Amino acid sequence: ANVKAKTWLDRAQAYEAIGLYALSADSAAATIAQEAYKKAIELDTKNGKLGSVGKDAQAGLTGKTLHDCFIQTGAGNYQKANYKKAQESFKMASAIDPKDSVATMYWGVSSQQLQDDNGIIDAYEKHLGLGGKDPIVYYALYTSYKKMKQEDKALAALSAGITANPDNADLKA
């Protein structure tokens, strides 16, 4: 069984390489790599304990390479105006590295392109939690909350934006 698990680990790493270096060739590479890591873990778990291949696969699932692969995939899809796939990729990158404010920013921007208010709110609230202060983020939150008739949250977003950006005339207006 360990040989099979190792095969899945190798597959995951191969697709990560494809996703990082040959984006146009396969925009599904990040997802395929992620699924292969999961399969390797499944095959190398005995009585609830991970074997060495499973541990490597676990590290891969939460690693920088897979994160970067999803960022690249998101960027490639965004450039092709496939905002739904871009949004999904940036959201996945954010899940892999919850401290990455770049992923949350691009997830939010993709959500704006889709006019997906829930996506905007999820991405930008997480972005602000990571220390983001961009006036555009606060304004987007304000607009989405207003559209969803959540006036208290809309005003709170605007107020927080003004506090974070006291010199910004647009937010005050």
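**View 1. Phe70 is a buried residue, with a relative accessible area of 4%.** Buried here means under 20% relative accessible area, computed with a 1.4 Å probe on protein chains only. This is a predicted model, in which local features need pLDDT of at least 70, side-chain atom pairs count only at pLDDT 80 or more, and totals for chains, interfaces and linings use all residues. Residues are numbered from 1 along each chain as its sequence is written, and side-chain values use heavy atoms, leaving out hydrogens and water. You will find Phe70 in helix H4 (residues 64–79); helices are DSSP runs of H or I with at least four residues, numbered from the N terminus. Setting aside neighbours within four places in sequence, Phe70 touches Ala30, Thr31, Gln34, Ser89, Met92, Ala93 and Ile96, where contact means heavy atoms within 4.5 Å.

**View 2. Helices H5 (residues 83–96) and H6 (residues 101–114) pack at about 155°, with axes 8 Å apart.** Axes are lines fitted to C-alpha atoms over the stretch in contact, and angles run from 0 to 180 degrees between N-to-C directions. The two helices are therefore roughly antiparallel, a label for angles over 145 degrees. Among the residues making this contact are Tyr83 and Phe90 of H5, and Tyr106 and Trp107 of H6.

**View 3. Helix H7 (residues 117–129) has 13 residues, and its end C-alpha atoms are 18 Å apart.**

Terms used:
Parallel < 35°, antiparallel > 145°, perpendicular 65-115°, else oblique. Expected span 1.5 Å × (residues − 1). Buried < 20%, exposed > 50% of the residue type's maximum accessible area, 1.4 Å probe, protein only.
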